[in-house]
Amino acid sequence: MSHLTDEARAPYRNEAEGLPGPGSLEAIVAENPTRRSLLRGGLFGLSVLPAMALAACDDSSGGGSVVVPPTPTPTPTPTPTPTSSFAVNFTSVAANQNDAVTVPAGYTVDVLLKAGDSVEAGTPYTGTFPTPAVAEKWAGGNHDGMEYFRIPGVDPDSGGLLAMNFEYPDFNILMAGTYNAATATADQKALALSAVGIAVVEIAKGSDGKWAVRAGSTYNKRYTGNSSYRAGGPAAGLLSGNIKGMLNNCSSGRTPWDTYLTCEETMDNYLDPTQPATNYGWVVEVDPLRELAPPTKRTAMGRFNHENVAYMANAERRVAFYMGDDTTPGCIYKFVPDRAYATGRAANTDLLDYGTLYVARFNGDGTGEWRALIVGQNGLTAGASDPGNVSQSTTPPAPTIVNFNNQADVLLNTQSAARVAGGTVMDRPEWLTVAPDNKAIFCTLTNNSGRRVTDPANPRVTNLHGHILKFREDGDSPLATKFTWEIFLTAGSPTLSAGGSNLVGNINGDTFSSPDGLRIDPQGRMWVQTDHSVPGNSGVAGTTIDQAFGHNAMFYIDQVSKLSKRFLVGPLGCEITGLAYTPDLKTFFVNIQHPTGNWPVAGQQPRSSTIVVRRTDAQPVGA
């Protein structure tokens with residue numbers, strides 16, 4: 001039975017489960033049992049008889065007339081709860097260069113959390129530069145990837161936890177002038193490092209439908225570039241015992257046991273170069289509920305310029321985590337833990353420390369394979385020859401010798417190991433996303449203007465505008481070692497044809513450049529966010545990227561027709577990144593990174609911010 005039917009029947013449950021009511025047929029018969037023959041022979045085979053006709057019937061024995069009780073007042077039929085539609089029917093917004101967030105008619109935008117707002121109790125930004133102790137409690141800068149988590153006992157459509165990354169400081173609210181790590185004072189370093197890392201904040205929907213951070217919540221927590229972290233996995237012994245900070249927290253992901261995976265998109269600490277470089281470039285697992293292990297850098301997942309993490313799980317709770325190396329060029333990876341994850345969260349505390357890391361090789365015939373990055377396999381031995389970044393020059397670079405003596409060497413030098421093993425170097429692989437039915441995985445390849453040697457998966461020299469790749473695992477299994485692939489679309493615009501066919505692309509509908517953020521929501525709808533440079537080179541002299549495409553934006557793309565519809569356009573100078581949502585998909589959280597104009601508060605310094613996008617009629621986003 002549908003739960004909607006069950007809810008609709010709830011007001012009548014007592015009558016259905018108890019004795020018959022006084023106006024029922026059973027009650028009438030009980031008053032005069034001889035009527036049973038009449039009812040069996042007539043009423044149950046005919047339309048309902050009028051009450052007066054029943055009253056006129058008489059027994060052959062001459063008994064009295066049947067007295068029919070008054071007809072009770074009918075109980076009003078309850079108004080059915082309207083069903084939500086997840087059809088995408090919004091009208092595309094026009095490309096523009098406005099200093100505002102533009103959304104379709106029928107939608108609202110609210111600012112939820114700005115750089116410099118308080119996460120932990122303290123004094124928020126008010127226009128003056130902070131001390132390091134004050135800034136350590138603020139929301140950091142350049143908001144990026146994020147995930148929404150349930151709180152036990154709370155309706156997740158009305159409240160939950162938002163974990164979000166801070167990729168880079170909003171220096172304009174931290175200190176005067178520019179930041180130079182070589183000459184920075186201790187306080188300046190502390191300020192810069194306070195603005196990276198992540199935040200976990202409790203958020204709730206008010207009676208007016210607007211969302212806000214719950215100040216003072218015990219869940220509100222900053223993890224910064226000044227905080228301490230531990231390491232786990234095969235390379236942990238080669239990192240510092242007490243690691244200072246995480247840095248360049250770009251995009252993110254989650255685990256099936258609801259921990260947060262934040263990704264370091266740097267392999268050194270450029271804000272504080274006194275720290276060992278090997279401490280950075282990892283996936284960091286954080287429990288937003290703070291029930292499990294402290295934040296841990298998971299070395300088994302490899303060290304490179306991590307963008308995001310997306311997982312695929314099967315019915316046996318085996319899982320694979322897909323990752324991109326945002327480098328020009330970089331490879332695509334997946335990590336498969338050695339064992340299934342448990343339904344009890346605590347049993348998964350070390351799950352990401354044991355498993356196999358693979359690199360993707362894309363063959364020219366549309367097939368692909370996952371090559372294990374295990375010492376002793378696929379050329380990963382002492383004296384291995386690394387071919388280098390062969391895509392960036394028509395003259396191949398001189399190979400370098402790399403010694404892989406143990407698995408820790410492989411994980412510390414993952415980029416080199418991937419090339420040695422034959423992984424395909426891609427055009428800046430950024431976000432990956434897995435379809436809810438496991439039948440497709442997509443990856444945004446943002447751009448690679450330096451590419452000089454093409455291959456089937458990266459077909460454009462001087463790839464200014466990027467493309468999106470689609471692949472499918474054999475048997476739709478996270479444990480597969482082979483897959484098939486295709487190019488889903490190439491970005492660009494016909495308006496740039498004067499610069500050559502490389503700039504045109506094949507987008508059906510609203511055009512864009514440099515796809516970056518990517519997510520398929522639980523209803524199977526694909527959302528793409530862009531990160532073209534500002535003002536940027538469009539490939540046509542005299543035309544900037546903003547002039548060709550408008551500001552960076554967020555799009556819906558139909559996976560069958562490939563129709564692209566522009567859903568949101570950001571303010572001046574920004575990148576659109578980060579996407580999270582409530583389970584009912586009626587609330588979308590989106591990040592606006594590094595705006596440069598007069599947004600989000602007129603007359604104040606521009607600040608990276610998290611916004612909330614909703615429909616005014618409380619229907620799911622996309623309608």
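## A walk through the predicted structure

A salt bridge here is a side-chain nitrogen of Lys or Arg within 4 Å of a carboxyl oxygen of Asp or Glu. In general, side chains of opposite charge can pair when their charged atoms come close.

Before going on, a word about the model. It is predicted, so local features need pLDDT of at least 70 and side-chain atom pairs count only at pLDDT 80 or more, while totals for chains, interfaces and linings use all residues. Residues are numbered from 1 along each chain as its sequence is written, and side-chain values use heavy atoms, with hydrogens and water left out.

Now step back to see the whole protein. It has 10 helices and 31 strands; these are DSSP runs, numbered from the N terminus, with helices (H or I) of at least four residues and strands (E) of at least two. Of the 623 residues, 54% are buried. Buried means under 20% relative accessible area, exposed means over 50%, and partly exposed is in between (1.4 Å probe, protein chains only). Among contacts with a separation of 6 or more, 62% join residues 24 or more positions apart, where contact means heavy atoms within 4.5 Å.

Next, look inside. The largest nonpolar core has 51 residues, and those with the most contacts inside it are F321, M323, Y333, F335, L373 and F404. Helix α8 supplies the largest share of this core, 4 residues. Such a core is a set of buried Ala, Val, Leu, Ile, Met, Phe, Trp, Tyr and Cys residues joined through side-chain atoms within 4.5 Å.

Helix α8 covers residues 407–412 and also holds D409. Leaving aside residues up to four places away in sequence, D409 touches N403 and F404. What about a charged partner for D409? This residue is buried yet has no salt bridge, and R303, the nearest side chain of opposite charge, is 10 Å away.

Other charged residues do find partners, and the structure holds 27 salt bridges. One of them joins D117 and R607, whose closest N and O atoms are 3.7 Å apart. D117 sits in the loop between β1 (107–114) and α6 (132–135) and R607 in the loop between β30 (587–593) and β31 (609–615), so the pair ties together parts that are 490 residues apart in sequence. Both D117 and R607 are buried.

Another salt bridge brings R345 and D287 together at 2.7 Å, N to O. Because R345 is in the loop between β15 (332–337) and β16 (355–362) and D287 in the loop between β11 (283–286) and β12 (296–298), this pair ties together parts that are 58 residues apart in sequence. R345 counts as buried at 19% relative accessibility, and D287 is buried with a relative accessible area of 4%. D521 and R525 also meet in a salt bridge (2.8 Å, N to O), and D521 and R525 are both buried.

Finally, visit H465, in the loop between β21 (441–445) and β22 (467–473). H465 is buried, at 0% relative accessibility. H465 and G505 are 40 residues apart in sequence and 8.3 Å apart in space, C-alpha to C-alpha.

Conventions. Lys, Arg positive; Asp, Glu negative; His and termini not counted.
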